[in-house]
Amino acid sequence: MSRTGEGKNPPSFEIPAQACDCHMHVFGPYDTFRLGDDRSYTPPENDANALLGHLDELGLDRGVIVTATAYGTDN
């Protein structure tokens, strides 16, 4: 996959080998992955490429995607 991170805000410390972001969400694109109708918030779109860019910016190769409540029960 293509990663779009620009490295604007890298961490100020060395990331340990095999480190993992243990909680992150992917939102959208909403024309393909609709949010739940009965949700309490509407997050901005943050697609898979944005998530990969974020991991690059942090210097991480791994992460755990967690289903957000904004999707309702459609996991």
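Residues are classed by relative accessible area as buried (under 20%), exposed (over 50%) or partly exposed (in between), with a 1.4 Å probe and protein chains only. At 78% relative accessibility, Ser12 therefore counts as exposed. The model is predicted, so that local features need pLDDT of at least 70 and side-chain atom pairs count only at pLDDT 80 or more, whereas totals for chains, interfaces and linings use all residues. Residues are numbered from 1 along each chain as its sequence is written, and side-chain values use heavy atoms, with hydrogens and water left out.

The protein chain contains 1 helix and 2 strands, where helices (H or I, at least four residues) and strands (E, at least two) are DSSP runs numbered from the N terminus. In order from the N terminus, the elements run β-α-β. Strand 1, helix 1 and strand 2 make up a right-handed β-α-β unit; a crossover is right-handed if, with the strands pointing away from the viewer, the path from the first strand over the helix to the second runs clockwise. Of the 75 residues in the protein chain, 20% are buried. Among contacts with a separation of 6 or more, 77% are between residues 24 or more positions apart, a contact being heavy atoms within 4.5 Å.

Strand 1 and strand 2 pair in the parallel sense over 3 bridges; two strands count as paired if DSSP finds at least two bridges between them. Cys20 stands opposite Arg62 in strand 2, and Met24 has Ile65 of strand 2 as its bridge partner. Val66 belongs to the segment after strand 2 and is partly exposed because its relative accessible area is 25%. Apart from neighbours within four places in sequence, Val66 contacts Cys22, His23, Met24 and His25.

Asp21 lies in strand 1. Asp21 is buried yet has no salt bridge, and the nearest side chain of opposite charge, that of Arg62, is 11 Å away. A salt bridge is a side-chain nitrogen of Lys or Arg within 4 Å of a carboxyl oxygen of Asp or Glu. When residues up to four places away in sequence are not counted, Asp21 touches His54, Leu55, Leu58, Leu60, Arg62, Gly63 and Val64.

The whole structure holds 1 salt bridge. Arg34 forms a salt bridge with Asp37, and the closest N and O atoms are 3.2 Å apart. Arg34 counts as exposed because its relative accessibility is 56%. Asp37 is likewise exposed, with a relative accessible area of 70%.

Aromatic pairs were assigned to rings of Phe, Tyr and Trp (its six-membered ring) with centres within 6.5 Å, planes under 30 degrees apart counting as stacked, over 60 as edge-to-face and the rest as tilted. By this rule the count is 1 aromatic pair. Phe27 and Tyr71 form a stacked pair, at 6.0 Å centre to centre and with 15 degrees between the planes. Phe27 lies in the loop between strand 1 (20-24) and helix 1 (48-58) and Tyr71 in the segment after strand 2 (62-65), so the pair ties together parts that are 44 residues apart in sequence. Phe27 and Tyr71 are both buried.

Two backbone features were also noted. The peptide bond from Gly28 to Pro29 is cis, with omega near 5 degrees, and Pro29 lies in the loop between strand 1 and helix 1. Gln18, although not a glycine, has a positive phi of about 65 degrees. Gln18 lies in the segment before strand 1 and is exposed, with a relative accessible area of 61%. Ser12 is also found in the segment before strand 1. The C-alpha atoms of Ser12 and Leu58 are separated by 9.7 Å, and the two residues are 46 residues apart along the chain.

Terms used: Lys, Arg positive; Asp, Glu negative; His and termini not counted.
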